[in-house]
There are 2 protein chains.
Amino acid sequence: MISQKAKYALRALVALARAEPTGQTPTVGEIASGQNIPKKFLEQILLDLKHHGIVASKRGKAGGYMLLKPANRITFGEILRIVDGPIALLPCLSVVAYRRCDDCQDEQSCEVRHVFAKVALASRDILDQTTIADSLAGGDDNPVLRIAG
Amino acid sequence: MISQKAKYALRALVALARAEPTGQTPTVGEIASGQNIPKKFLEQILLDLKHHGIVASKRGKAGGYMLLKPANRITFGEILRIVDGPIALLPCLSVVAYRRCDDCQDEQSCEVRHVFAKVALASRDILDQTTIADSLAGGDDNPVLRIAG
DNA sequence: CGATACCCTATCGAATTAGTAGTGATTTAA
DNA sequence: TTAAATCACTACTAATTCGATAGGGTATCG
């Protein structure tokens, strides 16, 4: 499961992307109430995204947030890594935060690792290719409702 | 990330699968020391797997554990669901433990959900197709070392 | 100058994780 | 028949993470 925080981050970015063509810079309060997100919590999240160069902000009256990069250059994978950390299901499979499994004898021959490497590859394929703009466009997705347990 | 517990469970099952052709029923202590797993922790894990019909046990001297189903019928997905719960990255995408996202207005049009549905589908494809026997056989895997963040 | 909004740090309760500990029940072999 | 080995079960616990909440500080605009 991804964290609630990551879900909020993604939804906030979608909201910003949607507001972008109108030239508006929505405030935290607006996004929060529109998306059903606790305001102070969202404040932290957007601040974090700002520190990571995803969004920009304007202070004072008529302030707000805007995307710093075009929506079609912000991937789900990028955001997930900022907010939740590694995407890989094993520490020894993470590029951004590689860590040896301290209980694992030989990484090369680890049977479990081989399987999760495939999963990591598949997930990364999707998450690093799909942008905020894509998700807004919607469209070509399989009409699948409940898929995986 | 999967839990340490799930990793232990999978490694223990691989060990049992490997011992199977020899007719042996390894003890918790043997698996634990062989796989570098805390013994009492592994005891709990195997007990749990037993309750879920994955392994069987024999008590007393010369006791131990064995697989209850053939290794090529035990999938990674099945074990992960038992030990870690849902595989899907969103509660609203889980088959085994569906839960509405309480902050989400409309599930059908949720942009975030659409993307994670693809991930769930892809992950499930791999995890529900790959068995303990497959991982033991190794072989056809891509020779990828560090793949995803 | 004062209202509005972002900026930043600290704190907190609940849940989860990764074990440890201790006792009980069963089987085998001497 | 009894000792030793082994699984069975329950309870506890220390540390961390999660999902916030609180409360100021700081810039900007009118």
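## DNA strand C: what the protein touches

Sugar or phosphate accounts for 64% of the atoms of DNA strand C within 4 Å of the protein, and bases make up the rest. The model is a predicted one. In it, 27 residues surround DNA strand C. The closest come from both chains: A:Lys50, A:Ser57, B:Lys40, B:Gln44 and B:Arg59.

By residue class, this surface holds eleven charged, ten polar and six nonpolar residues.

H3(A) supplies the largest share, with six residues.

At a phosphate, the side chain of A:His51 places an N or O atom 3.3 Å from an oxygen. At a sugar or linking oxygen, the partner is a backbone N or O atom of A:Gly60, 3.4 Å away. At a base, a polar side-chain atom of B:Lys40 sits 2.4 Å from an oxygen.

## The interface of chains A and B

The two protein chains also meet each other. Contact involves 60 residues of chain A and 60 residues of chain B. Interface size is often expressed as the accessible area that is lost when the parts come together. Here the buried area is about 5,400 Å². Carbon and sulfur atoms give 62% of that area.

Six salt bridges link chain A and chain B. One of them pairs the side chains of A:Lys7 and B:Asp103, at 3.9 Å from N to O. Ten residue pairs are in polar contact across the interface, counting pairs with both residues at pLDDT 80 or more.

## Chain A's side of the interface

Which elements of chain A give two or more residues to the side that touches chain B? They are helix H1 (4-19), helix H2 (28-35), helix H4 (76-84), helix H5 (111-127) and helix H6 (132-137). The largest share comes from H5(A), which gives 16 residues.

Sorted by class, this side of chain A has 33 nonpolar, 14 polar and 13 charged residues.

How values were computed: Residues numbered from 1 in each chain as written. Chains lettered and ligands numbered in written order. Predicted model: local features only at pLDDT ≥ 70, side-chain atom pairs only at ≥ 80, totals over all residues. Heavy atoms only, no water. Near = heavy atom within 4 Å. Polar contact = N/O pair within 3.5 Å; in protein donor to acceptor, adjacent residues only side chain to side chain. Helix = DSSP H or I, 4+ residues; strand = E, 2+ residues; numbered from the N terminus. Nonpolar A, V, L, I, M, F, W, Y, C, P; charged D, E, K, R; others polar. Contact = heavy atoms within 4.5 Å. Buried area = accessible area lost by both parts, 1.4 Å probe. Salt bridge = Lys/Arg side-chain N within 4 Å of Asp/Glu carboxyl O.
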